[in-house]
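User: I'd like to go through this model in a few quick questions. Can you take me through it?

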Amino acid sequence: MINMQTLKLYNGIEIPQEGFGVFQVSNDVCESVVLEAIEIGYRLIDTASSYNNETAVGGAIRKSGLPREDFFITSKAFINEMGYVQTKTAFQRTLNNLGVDYLDLYLIHMPFGDYYGAWRAMEELYKEGRIRAIGVSNFQSDRIIDLCYMAEIKPMVDQLELHPFYQREEELDILHGYGIIPQAWAPFAEGMNGMFTNHILRKIAKEHDKTVAQVILRWNVQRGVSVIPKSVHRSRMKENLGIWDFELSKNDMQAITSLDLARPQMLDPHKPSEVHRLFNYLENPVLTSL
């Protein structure tokens, strides 16, 4: 039995603190992979229109035999779906793809395009009860603060690059100050810079009889962060869920603080070349990080 914790959004909705991401899981295998994840115990499933696998995620949820209300389903609207009308259309397309009549969480995927028009559409959908919570992804502090001042309804979640090499403590403080839950995409940074062989993380893992991956996830969880690791391997799916029976000490947390490189390792939305890459995705949909 997994004793997974939840985090309460400021509207009272509870979100599982750990979920399953499906970025770069191809549509032809995604259904079977998500079914396995559900069997193991995942209930938060995170997808996006730009992942091109919403249909497979929906198929897995139906085939699981579990009631819809057991799941917390997240999807996101991409740059080409920004704008009041475009986002309303994109949202309905996502519902159709997933085969559901509401989403638990809908996010603006990137801070580009007419995301203010998109946000107005999402506020309306939220008020209509078609989305239980709304939020953003890859919004840095300046964009978050601006949106909080200008919007009628503040974001409830901000999905960010968060891992030991990019810890973003100041940004987390700002999010928590606004009552916004941070959620870590790619919490292992795909193993970049030798993350899984780092001597500090390995030492902590050995002391707790855990793996480095479990230590990384536990570290983020203890910072009040929701995590959505991804794997297509059953053993790793189970490993990633094995973080709810131990706790890192203050010394462990402090030791991990020393690993911060204070810069993005996967996606920098302030970098012009990255912005070009994101817009080029619309013509050539192959990305290493979203």
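Predicted model: local features only at pLDDT ≥ 70, side-chain atom pairs only at ≥ 80, totals over all residues.

Analyst: Residues are numbered from 1 along each chain as its sequence is written, and side-chain values use heavy atoms, leaving out hydrogens and water.

User: Which side chain of opposite charge is nearest to Glu18, and how far away is it?

Analyst: Glu18 sits in the loop between β2 (14–16) and β3 (20–21); helices (H or I, at least four residues) and strands (E, at least two) are DSSP runs, numbered from the N terminus. Glu18 is buried but has no salt bridge. Buried means under 20% relative accessible area with a 1.4 Å probe, protein chains only, and a salt bridge needs a side-chain nitrogen of Lys or Arg within 4 Å of a carboxyl oxygen of Asp or Glu. With Lys and Arg counted as positive, Asp and Glu as negative, and His and the chain ends not counted, the nearest one is Arg218, at 8.3 Å.

User: Which side chain does Glu18 join in a polar contact?

Analyst: Glu18 touches several residues beyond four places away in sequence, among them Tyr42, Leu217 and Trp244, where contact means heavy atoms within 4.5 Å. A polar contact is a pair of N or O atoms within 3.5 Å, one able to donate a hydrogen and the other to accept it within protein; residues adjacent in sequence count only if both atoms are side-chain atoms. At 3.0 Å, the partner is the side chain of Trp244.

User: Why is helix α8 largely enclosed by the rest of the structure?

Analyst: The buried residues of α8 pack against β9 (181–185), α7 (199–208), β10 (226–227), α9 (234–241) and α10 (250–257). Arg218 is one of those buried residues. The helix spans residues 212–222 and is largely enclosed because the buried share is ten of the eleven.

User: What is the angle between the planes of Phe91 and Tyr106?

Analyst: Rings of Phe, Tyr and Trp (its six-membered ring) pair if their centres lie within 6.5 Å; planes under 30 degrees apart are stacked, over 60 edge-to-face, the rest tilted. By that rule there are eight aromatic pairs. Phe23 and Tyr51 make a tilted one, 5.1 Å centre to centre with 50 degrees between the planes. Phe91 and Tyr106 are edge-to-face, 5.2 Å centre to centre, and their planes are apart by 65 degrees.

Definitions and conventions:
Buried < 20%, exposed > 50% of the residue type's maximum accessible area, 1.4 Å probe, protein only.
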